[in-house]
Amino acid sequence: MTKITRWLWMLGFVFCSSTYAADCIAEPYVIVSANPSMPQLSKAKAKMIFMGKSKSIKNVGKVKLLDWPDNSAQRSEFYQILVNKSPAQINSQWASLAFSGKAKPPEKLKTANVAELTAWLQANPTGLAYAPASQVPEDLLIVLEVN
């Protein structure tokens, strides 16, 4: 490791250990549905669904996904927490699946707005979406907390 790399690592550690430590810890996210019969998900199943490797849930059938806008902090944070991937890596994954015909990418919110997300979930009984835990309305069912 070079001196510069070590110095950068130490600087990052000091920053995250300081009074700004709360900024270094991401808020927990939850995967939600408006369907009261949607079962709880395991983290492994959620990864498979949100990476396009699985399309259905037992006793529910084929699920529809809703994603936040490409440039939103919510999208970036969620995928970093769930699968440790950047938005560019996620876009590449979905582009590959779409090109091969194996899966369709999730629909996207027009704006980073929880009210729009809630309305979409209510119109799509097999829909799944994600949001910061602090922003989830009480009428949505939390199927998995991701942190």
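This is a predicted model: local features need pLDDT of at least 70, side-chain atom pairs count only at pLDDT 80 or more; totals for chains, interfaces and linings use all residues.

Start with helix α3, residues 43-50, and helix α4, residues 73-83. Their axes lie 10 Å apart, and the packing angle is about 130 degrees. The two helices are therefore oblique to each other. The crossing of α3 past α4 is left-handed. On the α3 side, the contact is made by Lys 43, Ala 46, Lys 47 and Phe 50. From α4 come Phe 78, Tyr 79, Ile 81, Leu 82 and Val 83. By class, that contact has seven nonpolar residues, two charged and no polar.

Next, α4 again, this time with helix α5, residues 87-100. Here the axes come within 9 Å and cross at roughly 80 degrees. That angle falls between 65 and 115, so α4 is roughly perpendicular to α5. Arg 75, Ser 76, Tyr 79 and Val 83 of α4 meet Pro 87, Ile 90, Asn 91 and Trp 94 of α5. The residues in this contact divide into five nonpolar, two polar and one charged.

What is the volume of the largest pocket? The value is about 350 Å³. Its lining consists of 16 residues, and the closest to the centre are Lys 62, Val 63, Lys 64, Lys 104 and Pro 105. Sorted by class, the lining has eight nonpolar, six charged and two polar residues.

That is the end of my part.

Conventions
Residues are numbered from 1 along each chain as its sequence is written. Side-chain values use heavy atoms; hydrogens and water are left out. Axes are lines fitted to C-alpha atoms, for helices over the stretch in contact, and angles run from 0 to 180 degrees between N-to-C directions. Helices (H or I, at least four residues) and strands (E, at least two) are DSSP runs, numbered from the N terminus. Angles under 35 degrees count as roughly parallel, over 145 as roughly antiparallel, 65 to 115 as roughly perpendicular and the rest as oblique. A crossing is left-handed if the near helix is turned anticlockwise from the far one by less than a right angle, and right-handed if clockwise. Contact means heavy atoms within 4.5 Å. Ala, Val, Leu, Ile, Met, Phe, Trp, Tyr, Cys and Pro count as nonpolar, Asp, Glu, Lys and Arg as charged, and the others, Gly among them, as polar. On a 1 Å grid over the protein atoms alone, a cavity is a set of points where a 1.4 Å probe fits but cannot get out, and a pocket is an open set with protein on both sides within 12 Å along at least five of seven lines; lining residues have an atom within 4 Å of a point. Grid points are joined across faces, edges and corners, and a volume is the space filled by probe spheres set on the points.
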